[in-house]
Amino acid sequence: MTGANQPWQVHDVPTPIAEPGQVLVKVHASGMCYTDAWATQGYGGDIYPQTPGHEIVGEIVDVGAGVHTREIGDRIGTTWVQSSCGRCPYCRENRPLTGQTAMNCANPRTSGFATQGGHAEFIAVAAEGTVLLPDELDYVDAAPMMCAGYTTWSGLRDAQPQPHEKIAVVGIGGLGHVAIQLAHASGFETIAITHTPDKRDLALHLGADHVVADGDELRELGGADILLVTTNSFAAAEKAMVGLRVDGRVVLSGLDFNSPFQISSEGVPFHMMRQRVIGSTHGGLQVLTEVLNLAAKGKVKPIAETFSLDQATEAYDRLVSGQMRFRGVFTPAQ
């Protein structure tokens with residue numbers, strides 16, 4: 001990324017060095033997330049020039065001083081927040097310092113923002129922010145789990161669904177097609193909400209028990225206890241809330257920088273329904289490990305298009321135009 005709203009460019013840059021506490025990773029796969037587009041459009045601040053990418057998996061080829069938990073040859077993954085500063089007021093509360101809570105750190109080490117991202121042949125990352133990949137899991141399937149799988153599984157866990165409850169996934173895209181599979185694999189009655197006709201059959205194939213177009217159809221179906229919002233349009237989530245049942249939870253897992261999430265004042269008041277809105281992102285490396293193990297067992301498999309690094313401009317254009325319907329993955333090692 002060379003500047004706000006500028007096309008991606010492919011550059012030769014020096015191979016990074018594993019500093020103390022870091023490992024040097026040969027990148028085998030790096031997934032594309034719409035956050036890459038937000039960063040390119042300037043929502044990540046003035047971070048240019050910078051290499052994007054935070055769904056990173058590969059093989060460790062060097063370890064820095066002081067690293068004892070990782071070895072050369074390890075197959076690892078790392079994600080958006082690699083580590084926190086450990087010294088700011090938030091960190092001094094001694095909360096978990098990786099995953100979701102580290103985003104509240106004043107100076108976290110973030111892939112593709114504060115430091116180099118994964119759309120490259122090599123990357124140096126904080127060893128404490130890595131997880132070992134299951135041997136059975138292919139690199140291309142593992143990469144989208146580092147954010148798409150991590151985010152949606154964290155959202156499901158934060159919602160704390162009960163055995164009798166129904167889960168509706170709002171938006172069947174890069175995150176949503178993974179969320180359907182995870183809800184189904186967990187044994188919940190799963191409903192896909194999409195206004196795109198040609199995604200209906202796919203949603204059923206992925207494990208949805210029902211497919212509806214909007215909140216009105218969801219309500220006619222009997223409603224849902226959890227709305228897992230995976231779309232970047234909060235407007236779609238607001239409309240879906242008419243199908244949310246008493247004691248229902250809305251879990252916001254997507255990003256919408258254009259408009260805030262609003263609760264409709266129509267019908268029975270929100271608080272009288274005892275409903276809740278839950279903000280959810282990454283729930284910590286334990287949660288990431290859980291979803292990686294589900295992927296290794298074949299319970300969830302991302303639908304991905306693969307690209308070489310030389311195809312970066314084409315891949316970005318497909319991402320921002322909506323032509324990339326699910327997940328794009330760079331494969332630098334191939």
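1. Val61 lies in strand β2, where helices (H or I, at least four residues) and strands (E, at least two) are DSSP runs numbered from the N terminus. Leaving aside residues up to four places away in sequence, Val61 touches Leu24, Lys26, Ile72 and Phe122, a contact being heavy atoms within 4.5 Å. Val61 and Ala312 are 251 residues apart in sequence, and their C-alpha atoms are 24 Å apart in space.

2. Residues are numbered from 1 along each chain as its sequence is written, and side-chain values use heavy atoms, with hydrogens and water left out. Because this is a predicted model, local features need pLDDT of at least 70 and side-chain atom pairs count only at pLDDT 80 or more, whereas totals for chains, interfaces and linings use all residues.

3. For the chain as a whole, there are 9 helices and 15 strands, and the C-alpha atoms fill a box of roughly 60 × 45 × 40 Å along the principal axes. The radius of gyration of the protein chain is 20 Å, which agrees with the value near 20 Å for a compact globule with 334 residues; the radius is taken over C-alpha atoms, and the globule rule is 2.2 Å times the number of residues to the power 0.38. Buried residues make up 54% of the 334 residues. Among contacts between residues at least 6 apart in sequence, 71% join residues at least 24 apart. The accessible surface comes to about 15000 Å², with 48% of it belonging to carbon and sulfur atoms; such areas come from the Shrake-Rupley method with a 1.4 Å probe, and for residues only the protein chains shown count as cover.

4. The largest pocket has a volume of about 1200 Å³ and is lined by 47 residues, of which Gly174, Thr230, Thr231, Asn232 and Ser233 lie nearest its centre. The elements that give two or more residues to this lining are α1 (34-40), α7 (234-240) and α9 (312-321). By class, the lining of the largest pocket divides into 21 nonpolar, 21 polar and 5 charged residues, where Ala, Val, Leu, Ile, Met, Phe, Trp, Tyr, Cys and Pro count as nonpolar, Asp, Glu, Lys and Arg as charged, and the others, Gly among them, as polar. A pocket here is an open set of points on a 1 Å grid over the protein atoms alone, where a 1.4 Å probe fits, with protein on both sides within 12 Å along at least five of seven lines; lining residues have an atom within 4 Å of a point. Grid points are joined across faces, edges and corners, and a volume is the space filled by probe spheres set on the points.

5. The second largest pocket holds about 800 Å³ of space. Its lining consists of 31 residues, and His11, Val13, Thr51, His119 and Ala120 are those nearest its centre; 15 of the lining residues are nonpolar, 12 polar and 4 charged.

6. Cys33 is found in the loop between β1 (22-31) and α1, and is buried, with a relative accessible area of 6%. Not counting residues up to four places away in sequence, Cys33 touches His54, Cys147, Leu319 and Arg327. Between Cys33 and Gly174 there are 141 residues of sequence separation, while the C-alpha distance is 7.8 Å.

7. Helix α4 (residues 176-185) is largely enclosed by the rest of the structure, because 8 of its 10 residues are buried; among them are Val178, Ile180 and Leu182. The buried residues of α4 pack against α3, β8, β9 (189-193), α5 (200-206), β11 (224-229) and α8 (285-296).

8. Some backbone details deserve a look when the model is inspected. Most residues other than glycine have a negative phi, and most peptide bonds are trans. A cis peptide bond joins Tyr48 and Pro49, with omega about -5°, and Pro49 is found in the loop between α1 and β2 (55-63). Gln160, in the loop between α3 (148-159) and β8 (166-170), has a positive phi near 50° and counts as exposed at 53% relative accessibility. Asp247, in strand β12 (residues 244-252), also has a positive phi, of about 70°, and is partly exposed at 34% relative accessibility.

Methods:
Buried means under 20% relative accessible area, exposed over 50%, partly exposed in between (1.4 Å probe, protein chains only).
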